[in-house]
Amino acid sequence: MRVAVSGATGMIGGALVRALAERGDEVTALSRNAERARETLGVSAETWADPEAERPPLDALRGRDGVVHLLGEVIAQRWSDETRREIRDSRVLSTRNLVAALAELPAEERPRVLVSGSGAGWYGHRGDERLDESTAEPGDDFLAQLTVDWESEAGAAEELGVRVVRNRTGVVLSNSGGALEKMLPFFKVGIGGPVAGGRQYVPWVHVDDVVGATMFALDNEAVSGPVNVTAPEPVTNKELSRTLGRVLRRPAFAPVPALAVKVLYGDMAQIVTTGQRAVPGRLTELGYEFRRPDLEPALRDATGR
């Protein structure tokens, strides 16, 4: 395939670009710094200097079979009013500009599929309710409403005849950033443990399956609409903590009060103190074979243990 990837130098984007190139696909990275992207990834790259304010270059999209849109300001940081705006605009406005660029292309030169990033946060806080893509109503918190608007902008491409897939990705386990990067320092010194009681569910997924599910979506015309990109079975925060402690051979029983997390991360703490029991209904139904379906082997790979 010929695939354009935005956010190509990020944790997921970099892994996806490498996997696509390894199977022989022709990849074009869309990046604020095309030269750095070419050097880092070893693929062709085009400059998209200001995704929130301008459309991507048409030549980066023209004649491609698919586009994967992964741009977004990092969520795991303290949320000031300015940060909230950046988190939102980097997703919503960049997606709007991408779809506007697709609309400029003649139909015969337009990509057939858009796989757009989204998040399991769409579901909001629902306790231990099992959540698949048939869940009708989104949550009402900041992340949920952000994700609703993000998906809406991507969905506008359907009016152009483009198949749109919205990857509602969970908590990604990777050796190059993401959730583990925040957790490991505490666990390595033996002060990790369940957060806020540990009963909240974590919709975890290994980065290999984020890449695998994205490639599955590119390749299969049956995949469209929202897709939960999460492992087959989410776990509670307590189970995740104990398993990570076992993998690292460190104690993982020290309870972390919700207030302590709130002091450390501010409003962003809701990501840790609440969660979603999201399950991959569509991927399972369509026959996707998970590469790392079990938590402990996934953590061992992501931590090198």
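These questions and answers go through ring pairs, charges over rings, backbone angles and helix packing in a predicted model.

User: Why is the pair of Phe 216 and Tyr 288 called edge-to-face?
Analyst: The angle decides. Planes over 60 degrees apart count as edge-to-face. Phe 216 and Tyr 288 have 65° between their planes, so the label applies. Their centres are 5.5 Å apart, and the limit for a pair is 6.5 Å. The structure holds four aromatic pairs, and this is one of them.

User: What does the pair of Phe 216 and Tyr 288 tie together?
Analyst: Phe 216 belongs to helix α6, residues 207–219. Tyr 288 sits in the loop between α10 (281–286) and α11 (295–303). The pair therefore links parts that are 72 residues apart in sequence. Both Phe 216 and Tyr 288 are buried.

User: What makes Tyr 288 and Phe 290 an edge-to-face pair?
Analyst: Two values. The centres are 5.0 Å apart, within the 6.5 Å limit. The planes stand at 80°, over the 60 degrees required. Tyr 288 and Phe 290 are both buried. Together with Phe 216, they form one aromatic cluster.

User: How do you know that a charge sits over the ring of Trp 122?
Analyst: The charged end of Arg 168 lies 3.8 Å from the ring centre. The distance limit is 6 Å, and the charge must also be within 35 degrees of the ring normal. Arg 168 is assigned as sitting over the ring of Trp 122. The charged end of Arg 84 likewise sits over the ring of Phe 142, at 5.0 Å from its centre.

User: Why is Ala 196 called partly exposed?
Analyst: Its relative accessible area is 26%. Buried means under 20% and exposed means over 50%, so Ala 196 falls in between. Ala 196 lies in the loop between α5 (179–188) and β9 (201–202). Its phi is positive, about 55°, although Ala 196 is not a glycine.

User: What makes Arg 249 exposed?
Analyst: Its relative accessible area is 75%. The cut-off is over 50%, so Arg 249 counts as exposed. Arg 249 is found in the loop between α7 (237–248) and α8 (258–265). Its phi is also positive, near 60°, in a residue other than glycine.

User: Why are α3 and α4 called roughly parallel?
Analyst: Their axes cross at roughly 10° and come within 8 Å. The cut-off is under 35 degrees, so α3 and α4 count as roughly parallel. Among the contact residues are Arg 84 and Ile 87 of α3, and Phe 142 and Gln 145 of α4.

User: How do you know that Trp 79 is buried?
Analyst: Its relative accessibility is 8%. Buried means under 20%, so Trp 79 qualifies. Trp 79 is placed in the loop between β4 (66–69) and α3. Beyond its neighbours within four places in sequence, the contacts of Trp 79 include Arg 84, Ile 87, Phe 142 and Tyr 265.

Key:
Residues numbered from 1 in each chain as written. Predicted model: local features only at pLDDT ≥ 70, side-chain atom pairs only at ≥ 80, totals over all residues. Heavy atoms only, no water. Phe/Tyr/Trp six-rings, centres within 6.5 Å; stacked < 30°, edge-to-face > 60°. Helix = DSSP H or I, 4+ residues; strand = E, 2+ residues; numbered from the N terminus. Buried < 20%, exposed > 50% of the residue type's maximum accessible area, 1.4 Å probe, protein only. Axes fitted to C-alpha atoms, helices over the stretch in contact; angles between N-to-C directions. Parallel < 35°, antiparallel > 145°, perpendicular 65-115°, else oblique. Contact = heavy atoms within 4.5 Å.
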